[in-house]
Structure formats: C-alpha cells, structure tokens
Amino acid sequence: QMVIPFEVEPVTEQKMDTESNVIPLSKLSDGKKSASKSTKDGAKVYEQLFASSQAPEEPKRRPHVIQTATKPVPQHVQTAAGLTCITDFSTYAYDVNFLYGDNALKELRTNNYVVGENGVGKLFIKLLSDAILLQIDNEDEEGWSVDKKYKKSKVAAGERKTEERPQVKIRLISPNITKPELNQLGDESDGKPFFMYVAEPDELDTLKGGRYGRQHFEVLKKADDENNRAGQMRAGSQSVSAKYNLRLNYIIEIRPTQLLDFFRGEIVNGARDRASICEILAPSDKRKWPKMGDLGEKYQAAIRPYIDNILAAKGTIVCKRAIKLINKLRNEFFEYYDETQDDVLELMTHRALCRAFKRACLIYIADGQKWDPALDSWIRWSFMYDMWQQFHYFYDAIKAANSDLKVTKSGPKSLCSILPKDFTFVQLKELYIKLGKYVDDENLHGLLRTWIGRKKIERTETGYRQLQ
C-alpha cells in the first residue's frame, strides 16, 4: 500500500476539556494563520496520492473508540470496519449538531459503500454493525410488536376497521421498505435517525419503485442533506400523509464491477458523492481462515461507555480542533489545486471534507468531548483515503460525463506542465478555454501571482518563465 506521512503536527489548543471547545463564533480561527506551514508540501503529497495505484495506508495509531470497536474484526477488514463503525455509532446521535467551517450546522449523518469481491469478508462488517446497534435493535422489538398486533387485529376485523393506527417506533429498517412505509416511520421517529444495511444493491428494488425506478436515489440524497423535507401528501383517508426530516445512515455492500453500474445516470447528479467508499481486499494469506472475535457481553461492555457519551451529547457544539483540522486539510488540498486547477477533484473535496469533520466530531463526543491524540493523523488519513477512492472509481466517469474527454489514471496534470517553458498571459488564457474552464482575467492574474510567490515561475520581458 501507498505510505503517506500522516503523523502530522497536531493542531494545538490551550485546553482539552469540553468547555474550551465551546466558543463564540467571533473567536473562531479561519485557518489562514498557519496555512503556509501546514500546506508547505500539500501539492507534492496530493500529486503522489492521485498518481498511486493503491489507497493510502491507515496509520497504526488509531483513535481509542475505533480500536475498541473493531478489535474483534480480522486484520484485512480493519480499515473498512474503522470507517463503517462511525456510521453505526452515528445512529445513536440525535438532537446534537456541530458548527462547520462555513457556519452551517451539521448533524452526524455518515454513509458508506463497502466495496469488495464475493467472499472477501464483507459479512464481518454486517456482524460488527449488528453488535454496535444491538441496543437500538432491542428497542425496536416493541415497535415490531405494536405493528404486528395492529395489523393482525385489522385483518381480523376486515379493512372496514377504523381504529387509529398506533405510533410505531422502528429505526433499523429493511432495504426492501416501500416509500410510504418509510414516510410513515419517519413521521413517527421523533427525529431519531434510521439505519439501513444493504447486503446487495438489488435489495433496494422495492424502494426504487421497481427494478428500473430511481426514487431510491432521492432517499440516498436526502439522507445526507441537512434540514431536508421528506414525506408525501395523499387524499385517501387510509393513505399515508407525512412530513418529516429524513435522518438515515446506511451501509451498502457492493462489488467493484457493480459500482459504476449502480450510479449509471447519477455520476454527476449528487447521489454518488454523498457517501464514502471503503474497500476490503483479500487477505495476503488466503489459506488462513479469517475469524470474527467475540461480540458478546464483554464486547458490549467495552463499547457501552462510548454509546452513553454519544447519547449524552445534546445541542449545538463548537469543536475548535475539528474546525481547525478541516481548515488545515482544505488549505493543503488547495496548494495542489493552485497547480492543477482540477475542478473535478475540487468538487470532490466539498463532501469529503465534511465527512472527515463528522468523523472527528463523532469520535470527539464518543470520548466524552475530549480530543483523542490520534485524531489529527487518523482524520487526515480518512480524508485522503476517501479522496483516493472517489478518484479511483469515479474520476474518469465524471470527466467523461462533463466533457466526453478520455483521461488516464496517472493523476491530474499541473497546468505548468502543459504550458511551454516560456509562455504569455494569452497562452494561459487559451489553455483555460481549451480545457473548458471559466475564463476571468482577474482570477488568472491571481493564479500567476500565486505561482510567482511559490517560485514556480518568474516574470520576463515578454511574459513568464517556468523555474521548475
């Protein structure tokens, strides 16, 4: 696997307790102060990342909650399990949100596609998910009992029965749920998030509205959107009329060859970038039989404190360290963007950064609103891992959808590498037009000033000359 130096200098802060992380908006740093230092090698790191044929290797030092939750999982599944367990734990979080870098409030909704061939070990992700969500599963039993009793009594009395339907509280939902059923449950959910595990994409056929339907993408899109409005209005007295905010965490298992086909027609329409991708590769020694560790009472006791801490977190929380870390990651990427001007990758960072932020905040509240020493390097890795997966699976398809241009997997090229050694402003402008980019003279002059400041180019009597 590709190795990138993730043991970065952590973002410093005076105190490490809860109170020091809740601050007024006016005192938040915009991240510019340390940008030059933190992004010094940003362009080089991302150039290496996107040129690699392998995903970056996870740091050996992991946050305590990740280490504890994934301890029973076989080694070759550890990386995927570390990311998906965030989705499991997030399902316990409700009535809590976090201030993001754009001053918007973010709830802890996270979603994952687990990519792997048949027989590689995706079942271990499902077993881990079931164990982490056991408390919610037990709470759902009452909801299932109420629903079954009502439907049984209705059948016995015939469809003429007019008794009001009791509220049904079920949060672990099946992927073959119909949309009216989802809307009914959502209306009665009290704002608590649902969780859905999809073992095969075909299980979504009912939610699709038929084999070739597309309404499941509407659900997957809304699941990641803050303050969405889901529901339906029907005229019939026996029909479901509901309005609610859809809060849904999901994990979808899928094979590599299915991934592009699953998003056919949706590559640039928003459903694709609303979840992260994690891979499970075959173990190096296939003769050894991977085994799941104990998920019984001892395991439940180990993860119980983290769940209690998540349930206890309420209201709006401002985690300074998470905001500063995301600013730092964003600045590092833009060091690379300033050279490549690759708009596809820049768009990928929007949600990837937000997912990294949510992971940091989830782990933060799971640890009792304390910052785990391993978070800086682990969150930085998770962001770059997310970006590599999105690039690896979708970059060519997005480029093709946007411009029908055939591209390669060697990574985006720096604009300087396309320009001649000696070039003029007009040549840079012509290159922008050729690449289909928006042309603005002021922005282009700003780009040239950036290159000069980084000693990539210098002014000449006729234009500019590259120094590297």
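**Exercise 1. Work out whether S174 is buried, partly exposed or exposed, then place S174 in the chain.**

Step 1: S174 has 34% relative accessibility, so S174 counts as partly exposed. The cut-offs are under 20% relative accessible area for buried, over 50% for exposed and partly exposed in between, with a 1.4 Å probe and protein chains only.

Step 2: S174 sits in the loop between β4 (172-173) and α7. Helices here are DSSP runs of H or I with at least four residues, strands are runs of E with at least two, and both are numbered from the N terminus.

Step 3: Now jump 30 residues along the chain: the C-alpha atoms of S174 and L204 are separated by 9.1 Å.

A quick word on what you're looking at: this is a predicted model, where local features need pLDDT of at least 70, side-chain atom pairs count only at pLDDT 80 or more, and totals for chains, interfaces and linings use all residues. Residues are numbered from 1 along each chain as its sequence is written, and side-chain values use heavy atoms, with hydrogens and water left out.

**Exercise 2. Get an overview of the protein chain.**

Step 1: Count the elements, and you get 17 helices and 13 strands.

Step 2: Check burial: of the 468 residues in the protein chain, 52% are buried.

Step 3: Take the contacts between residues at least 6 apart in sequence, and 77% of them join residues at least 24 apart. Contact means heavy atoms within 4.5 Å.

**Exercise 3. Describe how α2 and α12 meet.**

Step 1: Two packed helices are described by the angle between their axes and the distance between the axes. The axes of α2 (residues 42-51) and α12 (residues 320-340) come within 7 Å and cross at roughly 80°. Those axes are lines fitted to C-alpha atoms over the stretch in contact, with angles from 0 to 180 degrees between N-to-C directions.

Step 2: α2 and α12 are therefore roughly perpendicular to each other. That label covers 65 to 115 degrees; under 35 is roughly parallel, over 145 roughly antiparallel and the rest oblique.

Step 3: Find the partners: G42, A43, Y46, E47 and F50 in α2 meet L329, E332, F333, E335, Y336 and E339 in α12. This set splits into six nonpolar, one polar and four charged residues. Here Ala, Val, Leu, Ile, Met, Phe, Trp, Tyr, Cys and Pro count as nonpolar, Asp, Glu, Lys and Arg as charged, and the others, Gly among them, as polar.

**Exercise 4. Examine the phi angles of D95 and D190.**

Step 1: Most residues other than glycine have a negative phi. D95 has a positive phi of about 55°, and D190 has a positive one of about 60°.

Step 2: D95 lies in the loop between α4 (78-90) and β1 (96-99), while D190 is in the loop between α7 (179-187) and β5 (194-198).

Step 3: D95 is exposed at 52% relative accessible area, and D190 is exposed at 55% relative accessibility.
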